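Visitor: I am new to this structure. Please show me how to read the place where two chains meet.

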4 protein chains.
Amino acid sequence: MIKITIVGITGYSGFELFRLFLKHEKAQVVKVCATSHIGEPLHHIYPQIKECSEIMISSFDPSIIMQKSDVVFFATPAGVTNSLAIPFIEHDFPVIDLSGDFRLKNPRSYEKWYKKPSAQQEHLEKADYVLADVNTTAHQLISNPGCFATACLLPLIPLVKGDFIELDSIILDAKSGLSGAGKVLSESSHFVNVHDNMMMYKINQHQHLPEIVQELKKWNGKVEFIQFSTSLIPVNYGIFVSGYVKLKSGFSFDEVQQDVKDFYKDKKFVRIRSEAPKLSDVVGTNFCDIYLTYNQTTGIITIISVIDNLIKGAAGQAIQNFNHLFDIKEEMGLSHLARI
Amino acid sequence: MIKITIVGITGYSGFELFRLFLKHEKAQVVKVCATSHIGEPLHHIYPQIKECSEIMISSFDPSIIMQKSDVVFFATPAGVTNSLAIPFIEHDFPVIDLSGDFRLKNPRSYEKWYKKPSAQQEHLEKADYVLADVNTTAHQLISNPGCFATACLLPLIPLVKGDFIELDSIILDAKSGLSGAGKVLSESSHFVNVHDNMMMYKINQHQHLPEIVQELKKWNGKVEFIQFSTSLIPVNYGIFVSGYVKLKSGFSFDEVQQDVKDFYKDKKFVRIRSEAPKLSDVVGTNFCDIYLTYNQTTGIITIISVIDNLIKGAAGQAIQNFNHLFDIKEEMGLSHLARI
Amino acid sequence: MIKITIVGITGYSGFELFRLFLKHEKAQVVKVCATSHIGEPLHHIYPQIKECSEIMISSFDPSIIMQKSDVVFFATPAGVTNSLAIPFIEHDFPVIDLSGDFRLKNPRSYEKWYKKPSAQQEHLEKADYVLADVNTTAHQLISNPGCFATACLLPLIPLVKGDFIELDSIILDAKSGLSGAGKVLSESSHFVNVHDNMMMYKINQHQHLPEIVQELKKWNGKVEFIQFSTSLIPVNYGIFVSGYVKLKSGFSFDEVQQDVKDFYKDKKFVRIRSEAPKLSDVVGTNFCDIYLTYNQTTGIITIISVIDNLIKGAAGQAIQNFNHLFDIKEEMGLSHLARI
Amino acid sequence: MIKITIVGITGYSGFELFRLFLKHEKAQVVKVCATSHIGEPLHHIYPQIKECSEIMISSFDPSIIMQKSDVVFFATPAGVTNSLAIPFIEHDFPVIDLSGDFRLKNPRSYEKWYKKPSAQQEHLEKADYVLADVNTTAHQLISNPGCFATACLLPLIPLVKGDFIELDSIILDAKSGLSGAGKVLSESSHFVNVHDNMMMYKINQHQHLPEIVQELKKWNGKVEFIQFSTSLIPVNYGIFVSGYVKLKSGFSFDEVQQDVKDFYKDKKFVRIRSEAPKLSDVVGTNFCDIYLTYNQTTGIITIISVIDNLIKGAAGQAIQNFNHLFDIKEEMGLSHLARI
């Protein structure tokens, strides 16, 4: 069994990692760290695991973690991992970071969008941004993609790679359930303000925007910008992206669609659908369901992309990356299907 | 126009008073007080009133309130009105208090259930607890009933008055929407913890319990206790009470039901229904819909009682009490009907 | 009192008309028609009106309607009004039609998008499409705009009128609550399929698309098409539109925004907001709240437009049109404010 | 691998069986039957299984089922299994029936509560009602308990067995999510009628009532009746029962609580909690979480019992019964934990 430490166990992604690893046949969580509840059993916070695990919450101690485990997952807020991870990076100890701290390669960009001090340049250089369904090779420091970025990049990458679309036409209207906003108590997470409601937030300011552009550029250097909006919808889990991109003249939509299918033909967790997917098709799973349709009048391809924000958008993808790193079957621990 | 001051405008009940009074033909809100946002227009907090009102939020000053208005409503948390209201009480200035501070006549009971210092005995004695649909006479200090208490008392009062039921058999299983818990940010109001969920809270400890018993005793001195539970359900507004009481031998259910109908036959806001009401029949309105049905096998009358917790359970009833106090048509400002 | 008949009282819009007219000081609903429940009191279907109205459901008889009332509202499904309304049109009797039957001036377009036979050309010519906040003059046959069309047109009209935007760049991503889909029982309205879910439907095929284009053309003849998507979100009421349009070079966004504000400066029910509106700001009201923001990097103006689909998007706007037609104060019967 | 046939695959319970069996290490679903969609792949109805299974929907043919599989599950509506199951019963072929058809041992009781013809007496006699957490021995025809019955019986059985409570005092107020009402399209499952709402239904008439009494009698013959109510709450999955029972004089609550704990001390799927469980603690799992608390003033024990209606209340318990029947580890295929 590969021994796992999770840092940041009290947040949604941290516990989702823990919950998913309970069914993983080759890995075992041996240590969970937090800044509160230290010394308490984890089931004090998550009573649903009572019968399965007596694991205690520990304080964070890098040397003990390196001693006791084979890999550490950080499910910590932005601005934390970039310092906490340093001892592990310096010892070339495997790190999988679910936060945004190692995603943006340009420290100034990080500081602009996250409004926090960036990780050091040398550490950023060691980090591999690994979108698990398009990139399986990584070294010791894996930066796990953002939830919105995952849902947006998976449909867009084959489109920009093939140079099929007008690169200045990309518009992404993304909606997220409330677990995406974390456990922080705020007016915008109060039930009465969310239920029966919908609101757009961080318009043109969401920190996943530069992440998406940076990654698209790897596939087509001519991508300069995207238009990207994020809204909250009254569900607990899930991201629903509607995207609008202009087909380049000279391409037929059928050909483009076939190319996207081919791009993902061996990928278990990306499903190119022949009808519009609903959020419920993927909630609770590690799938990204993608649908493309073309409007002849406007020349626009409508993209629908849906994921579970905590699984494919965070903990599930992290485990997929872990499986790749340790040469385990990709779907181990991740074979959940949606209910109903 | 009767001039109104509302103290505690930033809470749900305070704003609901304001919103309802905007349509009242004989009253005008001239002053709104809070402990925060002082000096800001109210529409900074409630953008939906922007086009209708430029009223500013003031700090609380009893002498200015008494100078500028004819009556003051307190929509403040428990433990606040009992001191804030003193100058008004001493000047015999009309007060309608939506908090729990003047409901329990026994200071020790208040201190036990609210875990705060009680109002002074002499002030408690001046306060009239006025359940608007059964009691319309009041003096200068009106204590407006609690939301759960309203939904429970309205069906129970005719039953205990007529001595139709076993008085030790009263079981009330009450459920509330989240606005009932106020705007306070807490884990139990975080969307992810409420949505798709149901939880019971304050079991045998809810402060409306002694209020219900105290009021039932006025109609039948032999009432000693009730069994009372409160749960949260994932809706914004509304209280749904299921009650179970044992019919006394010697009474026929039809006769009891007729008596309840007769008791409320001239009451506009209490509707004895011939089929089980749904929450949606009353949300957005000042109605209490009541249904009774009898089980011959068990001898138990099942009671359903539904109200809007912020209207009939708070601001609407307060305006009904205000209308009575100022000899205005009872339904003025309160004639909303449920949607759908 | 102006006497009103409502045809189609069993649907959402028909009852919403009825409910709103109950508070209208110059109008009274004297007749309600349906194809079922004939001879029953309306409160059999809508128990919430029991204490307010004993009105009975009638069958549809044009001559009786013309005898007994001053105006008829049709809240009937598409494909029904175009024949039912004929006698009224021929007698120049005032008709306000909430269905889509008289909206599209081109019968072939109607037949393409609605997949039903169109109204006759001569009747279409008599019909005035009246978006109440931009057009107040109308003759005897008023075609009330569609709910999505209303939410999309209100922000777009000043933008295309001023020729401020690239006309081939208009992308509208609209989301609706479930009452927008009507009372019909279908898999897509089953609670389990909607709750915790989001789905896009009728992609590039929604019948409000040609309506929006037709109306925009009135303000700028060069508009040829729009990209338009509609999704269902798990709320009962409300439409939330995110729109994306490209600012034409040569214009500053501030100037454009000022122009939009000026366009609506005397309009009570259109509010140009300085921060992003939420759905809850308008639910239960006749307001359309609009927000514009500009992204310098992409050159795109993001539009947010929110309405209550049954009020501003149907019954409320119809009453606003009625008020104009009968020279009544525009806001009569429509002065509701959002809760919370 | 044990080969499974599921009859009634298009309903919620049928698919939940299928979905859970996909992760079962010792069983494989080889055949799924329905009365519609015959000849189509199951993923036409449930796109979320596309990548996992190409199984086709078959028509129902008992001899083929007996040839191809080792056990048949019926997830059919009431009134169907009692005839469909006959050939299997006559061949002593293992049947697990999730419908109500073999639950009530008295045919007249079935006909009264289900309003349908009962199974034949001789077949009823062959059927074992198996509440998986209290009874593990069964023969070839297993009648799987009802969802409400499961949630009510698990806490009540030790209480009546120990004769700890007044047997005429049992009041059960049960609430269910909408999947409990099945896929049938009806006004009461239309999103707009359920969302933001709560309603009580089948008051004193729910068919699980006689089932609960029948089973309690097995543990204490003096049980004669219960008071039982069922409501719908706006969630997809889950049953939340609040129960009220009177402690018999002479017993201490602590002793009773200890007895309940002891009764379930070796049961993996029944958890006696020390704090009130929420619905979310068990949704998605096979657990029943139970909480008891005592009110000294009233002498009443409040019971909270929560389950997932489709798992512990249907498919999960059926698999647990299957595991017992085939001598497989009880928790195989059932080790899911709640999210969040």
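Visitor: Which side chains meet in a salt bridge?

Guide: A salt bridge is a side-chain nitrogen of Lys or Arg within 4 Å of a carboxyl oxygen of Asp or Glu. Here Lys175(D) and Asp173(B) form one, at 3.4 Å from N to O. Between chain D and chain B the count is 2 salt bridges. The model is predicted, so local features need pLDDT of at least 70 and side-chain atom pairs pLDDT 80 or more, while totals for chains, interfaces and linings use all residues. Residues are numbered from 1 along each chain as written, chains are lettered from A and ligands numbered from 1 in written order, and side-chain values use heavy atoms, without hydrogens and water.

Visitor: How many residues does the contact take from chain D and from chain B?

Guide: Contact means heavy atoms within 4.5 Å. The contact draws 39 residues from chain D and 39 residues from chain B.

Visitor: What area is buried between chain D and chain B?

Guide: Buried area is the accessible area (1.4 Å probe) that two parts lose on being put together, summed over both. For chain D and chain B this is about 3300 Å², with 65% given by carbon and sulfur atoms.

Visitor: How many residues of chain A count as buried?

Guide: A residue is buried when its relative accessible area is under 20%, exposed when over 50%, and partly exposed in between (1.4 Å probe, protein chains only). In chain A, 67% of the 340 residues count as buried. The C-alpha atoms of chain A fill a box of roughly 65 × 45 × 40 Å along the principal axes. Of the contacts in chain A with a separation of 6 or more, 69% join residues 24 or more positions apart.
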